[in-house]
Amino acid sequence: RGVGTCWDETEHSGFLFPFCSLKERFDRLEAGLPIIRETWEKSTPTPVRGSIPLLVGGGGEKRTLPLAVREATEWGLGGRPDLDTYRQKVDRVAELCLAAGRDPKEISRSFQCGYLGGKTDDEILKRAAAMREVLPRYREMKPAEVVEAARQTWFVGTPGEIAEQLKPYIQLGLNRWHVQHFLLDDDEGLELLMEGTAPLNA
């Protein structure tokens, strides 16, 4: 249910799709949304939830945020923005909603990013070492360097520290964190979030 203008050129080339200019991709997105809605609403059997809930992703203030205000049930960003940037985007969405006569609370807010957690520093470093095997950008780094690099766009720390990092975003209206869980066999890492972080932000 997420829609956007795409960004990964390798995905396009892999499926033999042309990677058009950003303007053309955005034009196609805007032209496609009415078709998506019409197809959803006229499908048989009729969907039980009425109009399709759309997630519009991106932070561009010229076209993406106005589009989100017009069309989105959820507006999301890729990666964890720094707090000042996130506040600026949230304020801009509120301004656009006011101009459009829409309640900003009608639009859920989200972003997606990874995390690096552990009960101790040693656990965090151990997961950082494992992360080098699955993410090429970290492959040549030492575990401690992975930790510092991850801090730029992820949540990093103990469950309590991650909860504290999330808190100011929640205070700005964040409804959902789409967790990117890269260590697929690491169930304990997810348990740390569910049992240690989530209750602190409930």
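**View A. H178 in strand β6 is the bridge partner of Q112.** This close-up comes from a predicted model, in which local features need pLDDT of at least 70 and side-chain atom pairs count only at pLDDT 80 or more, whereas totals for chains, interfaces and linings use all residues. Residues are numbered from 1 along each chain as its sequence is written, and side-chain values use heavy atoms, with hydrogens and water left out. Helices and strands are DSSP runs numbered from the N terminus, a helix being H or I over at least four residues and a strand being E over at least two. Strand β4 (residues 108-117) and strand β6 (residues 176-180) pair in the parallel sense over five bridges, where pairing requires that DSSP finds at least two bridges between two strands. Q112 in β4 also stands opposite G78.

**View B. Strand β3 (residues 74-78) is mostly covered, with four of its five residues buried.** Strand β2 (residues 55-57) runs parallel to β3 and is joined to it by three bridges, and W75 in β3 is the bridge partner of V56. Between these two strands the chain passes through helix α3 (residues 64-71), and the resulting β-α-β crossover is right-handed; this label applies if, with the strands pointing away from the viewer, the path from the first strand over the helix to the second runs clockwise. β3 is also joined to β4, in parallel, by five bridges, and there the bridge partner of W75 is R109 in β4. Together with helix α4 (residues 83-100), β3 and β4 make a right-handed β-α-β unit.

**View C. G58 lies in the loop between β2 and α3.** Leaving aside residues up to four places away in sequence, G58 touches T64, L65, W75, G76 and L77, where a contact means heavy atoms within 4.5 Å. The C-alpha atoms of G58 and G4 are separated by 7.4 Å, although the two residues are 54 residues apart along the chain.

**View D. Helix α2 (residues 22-42) carries a kink of about 30° at G32, shortly before the proline P34.** The bend at a residue is the angle between axes fitted to the seven residues ending there and the seven starting there. The helix has 21 residues and reaches 30 Å from its first C-alpha to its last, close to the 30 Å expected at 1.5 Å a residue, the expected span being 1.5 Å times one less than the number of residues. The buried residues of α2 include R25, F26, L29, G32, L33 and R37.

**View E. H12 belongs to helix α1 (residues 9-14).** H12 is buried, because its relative accessible area is 11%. Apart from residues up to four places away in sequence, H12 touches C6, F17, P18 and F19.

**View F. The count of disulfides comes to zero.** C6 is in no disulfide, and the nearest cysteine sulfur, that of C20, is 9.5 Å away; a disulfide is here a pair of cysteine sulfur atoms within 2.5 Å. Seen from C20, the closest cysteine sulfur is in C6, and at 9.5 Å this separation is too far for a bond. C6 is partly exposed, with a relative accessible area of 43%, whereas C20 is buried, with a relative accessible area of 14%.

**View G. P159 lies in helix α7 (residues 159-171).** With a relative accessibility of 13%, P159 counts as buried. Its contacts, residues up to four places away in sequence not being counted, are with G118, L192, G196, T197 and L200. P159 and R80 are 79 residues apart along the chain, and their C-alpha atoms are separated by 17 Å.

Terms used. Buried < 20%, exposed > 50% of the residue type's maximum accessible area, 1.4 Å probe, protein only.
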